[in-house]
Amino acid sequence: MLVRELMATDVVTVDRDAALDAAVERMLAEDVGSVVVLADGTPAGIVTESDALRAALETGRPLAEIAVADLCHGAVVTTAPDSTVQRVARRMADRNVKKVPVLDGIDLVGIVTLTDVVHHLSDIRREASAVEAARDRWESDDA
């Protein structure tokens, strides 16, 4: 299964120069748990609900006074639409991330989340079993 088959294409974004209240407003309006932070149209980080709550608690400042740039996770893990879901799931586990922006070249075209992977787990397993069965048939034909 390819990432393009399960990614969400309506990616909620916020500019790197925004304040946290704008990011939280976007999350609430779109009913999502994170926003991709863009710098010049390129993913520069991700801010999650947990990040917003932690920042509010730790600083005690209004969200309008907290810069998104101070919170977004740097070194964004990204993937391509033609990557396999197994590959991106492995990267998510290795990097301990739950959300991965999908780039087609330099264009942000989607996002894949751990929830997306879990919801399609039975499809992924079924596909892996079919590939393994085809491989076994191919190897037995060569023998």
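Buried means under 20% relative accessible area, exposed means over 50%, and partly exposed covers what lies in between (1.4 Å probe, protein chains only). Helices (H or I, at least four residues) and strands (E, at least two) are DSSP runs, numbered from the N terminus. The views below show a predicted model, in which local features need pLDDT of at least 70 and side-chain atom pairs count only at pLDDT 80 or more, while totals for chains, interfaces and linings use all residues. Residues are numbered from 1 along each chain as its sequence is written, and side-chain values use heavy atoms, with hydrogens and water left out.

**View 1. Two aspartates in loops take a positive phi.** Let's start with aspartate 31, which sits in the loop between α1 and β2. Its relative accessibility is 72%, so aspartate 31 counts as exposed. Although aspartate 31 is not a glycine, it has a positive phi of about 55°. Now find aspartate 40 in the loop between β2 and β3 (42-48). Aspartate 40 also is not a glycine, and its phi is positive, at about 55°. With 81% relative accessibility, aspartate 40 counts as exposed.

**View 2. The largest nonpolar core has 15 residues.** A nonpolar core is a set of buried Ala, Val, Leu, Ile, Met, Phe, Trp, Tyr and Cys residues joined through side-chain atoms within 4.5 Å. Those with the most contacts inside this one are Val14, Leu20, Ala23, Val35, Val37, Val47 and Val68. Helix α1, strand β2 (34-39) and helix α2 (49-59) each supply at least two residues of the core. Its largest share, four residues, comes from α1. A second, separate core of 12 residues includes Met1, Leu6, Met7 and Val117. In soluble globular proteins, nonpolar side chains tend to be buried together.

View 3. Arginine 16 lies in the loop between β1 (13-15) and α1, and is partly exposed, with a relative accessible area of 33%.

**View 4. The side chain of aspartate 51 reaches the backbone nitrogen of threonine 48.** The distance is 2.8 Å. Aspartate 51 belongs to helix α2. Its relative accessible area is 8%, so aspartate 51 is buried.

**View 5. Helix α3 (residues 85-95) has buried residues and, on the other side, exposed ones.** Val85, Val88 and Met92 are buried in this helix. Seen down the axis of α3, the buried residues fall within an arc of 70° (taken from the directions from the helix axis to the C-beta atoms), so they line one face of the helix. Arg90, Ala93 and Asp94 are exposed on the other side of α3. Just after the helix, asparagine 96 takes a positive phi of about 55°.

**View 6. Glutamate 25 is found in helix α1 (residues 20-30).** At 58% relative accessibility, glutamate 25 counts as exposed. Glutamate 25 and valine 88 are 63 residues apart in sequence and 29 Å apart in space, C-alpha to C-alpha.

Technical notes:
A polar contact is a pair of N or O atoms within 3.5 Å; within protein, one must be able to donate a hydrogen and the other to accept it, and residues adjacent in sequence count only if both atoms are side-chain atoms.
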